[in-house]
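Here is a short briefing for someone new to this structure. Please look over the model first, then read the points below.

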Amino acid sequence: MLSIKFSVLPLLEARKRVSHTVLARRYLSSTSTPILLPDAHAHIHNTPCPPTALSTCEAPKICVMGTHLHDWPVVERLSQQHPNRIVPGFGLHPWFFSESALESTTSTHAFTLLTQYLHRNPTAVVGEVGLDRSIIRPKLPTISRFCPSMDHQIDVFTQCLQIASQLNRKVSIHSVRSPGIIFEILRRMENPPRRITMHSWAGEPALVRSFVKLKGVETYFGVSLKQALTGKFTERVAALPEDRILLESGADAVGDVDDKLRKICGLVAESKGWTVQETAERSSKNLKAFLAET
Ligand SMILES: [Zn+2]
């Protein structure tokens, strides 16, 4: 947590936005502001989470994204323990499958299982799914063993989208250096999923306009601290339509959710020229609209 706090502020100072830096510092260090921030994307199941852990967390809603066959049962259990607060997500993340190493996720079995999980969990979204061009580069030692080709990623992603569409589910989409391909896949689908979130959005403003105009699809844009550490954060957030912004903690533990949400809320408020309260209200309203049944 501290490392994030101290790495965001120098970035803001580097932009020579002194008054905004002071403002952001106040938001970022605030721990007492009585605002309720829902979380559109987290992986809190990655850290063992006793049933009482959520009692100390303020987020009224947390969308918890499963990323591979083996974490779906954990996500499902968490949502059964907290049906009003946890929105479960079941997906096949491109980091966790490959043509040779994890063949079970490429078989029909994975898609049959995904369909079963979705049927059993009527509020569940499909996620996290998506495309990642960074992992097909050979010079990534840490994750190179999970190295599915782009063709294979597209195949798995497209099948997940089709299942989401058939079962009328929302989709949370991981996209690294691939928003243009994702846009094309959705544009060419006869029946695309009705609502998607482009998780941890890092695309250019022109692409935002294209996604917003995409026929038959309502696109939301998740904003997370991961992107706040990169350049162009302010102009990217400024380009997002106010009714399509979602706040994401991306947290791997429930104890980090509130802190990360408060920080990203402060930065979005600063980028949009909104108050923290306005930002909280808009993001809550937007998440409700994204998750709405109709
Ligand atoms: Zn994620």
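Two residues are in contact if their C-beta atoms, placed from the backbone, lie within 7 Å. Residues 24 or more positions apart account for 73% of the contacts in the protein chain with a separation of 6 or more. This is a predicted model, in which local features need pLDDT of at least 70 and side-chain atom pairs count only at pLDDT 80 or more, while totals for chains, interfaces and linings use all residues. Residues are numbered from 1 along each chain as its sequence is written.

**Overall make-up**
- The protein chain has 11 helices and 8 strands; these are DSSP runs (helices H or I, at least four residues; strands E, at least two), numbered from the N terminus.
- Of the 294 residues in the protein chain, 44% are buried (20 or more other C-beta atoms within 10 Å of a residue's own; exposed means 12 or fewer, and partly exposed lies in between).

**Helix H6**
- In helix H6 (residues 179–188), the buried residues are Pro179, Ile182 and Leu186.
- They cover an arc of only 60 degrees around the axis, which puts them on the same side of H6; the arc is that of the directions from the helix axis to the C-beta atoms.
- Glu184 and Arg188 are exposed on the other side of H6.
- Strand S4 (125–132), strand S5 (171–176), strand S6 (195–198) and helix H7 (205–213) are what the buried residues of H6 pack against.

**Ser249**
- Ser249 is found in the loop between strand S8 (245–247) and H10.
- Ser249 counts as buried because it has 29 C-beta neighbours inside 10 Å.
- Leaving aside neighbours within four places in sequence, Ser249 is in contact with Asp39, Ala42, Asp256, Val257, Lys260 and Leu261.
- Ser249 and Lys260 are 11 residues apart along the chain, and their C-alpha atoms are separated by 5.2 Å.

**Backbone exceptions**
- Most residues other than glycine have a negative phi, and most peptide bonds are trans.
- The peptide bond from Gly127 to Glu128 is cis, with omega near 20 degrees, and Glu128 is found in strand S4.
- Asn168, not a glycine, has a positive phi of about 55 degrees and lies in the loop between helix H5 (150–166) and S5.
- With 12 C-beta neighbours inside 10 Å, Asn168 counts as exposed.
- Ser200, also not a glycine, has a positive phi of about 50 degrees and lies in the loop between S6 and H7.
- Ser200 is buried, with 20 other C-beta atoms within 10 Å.
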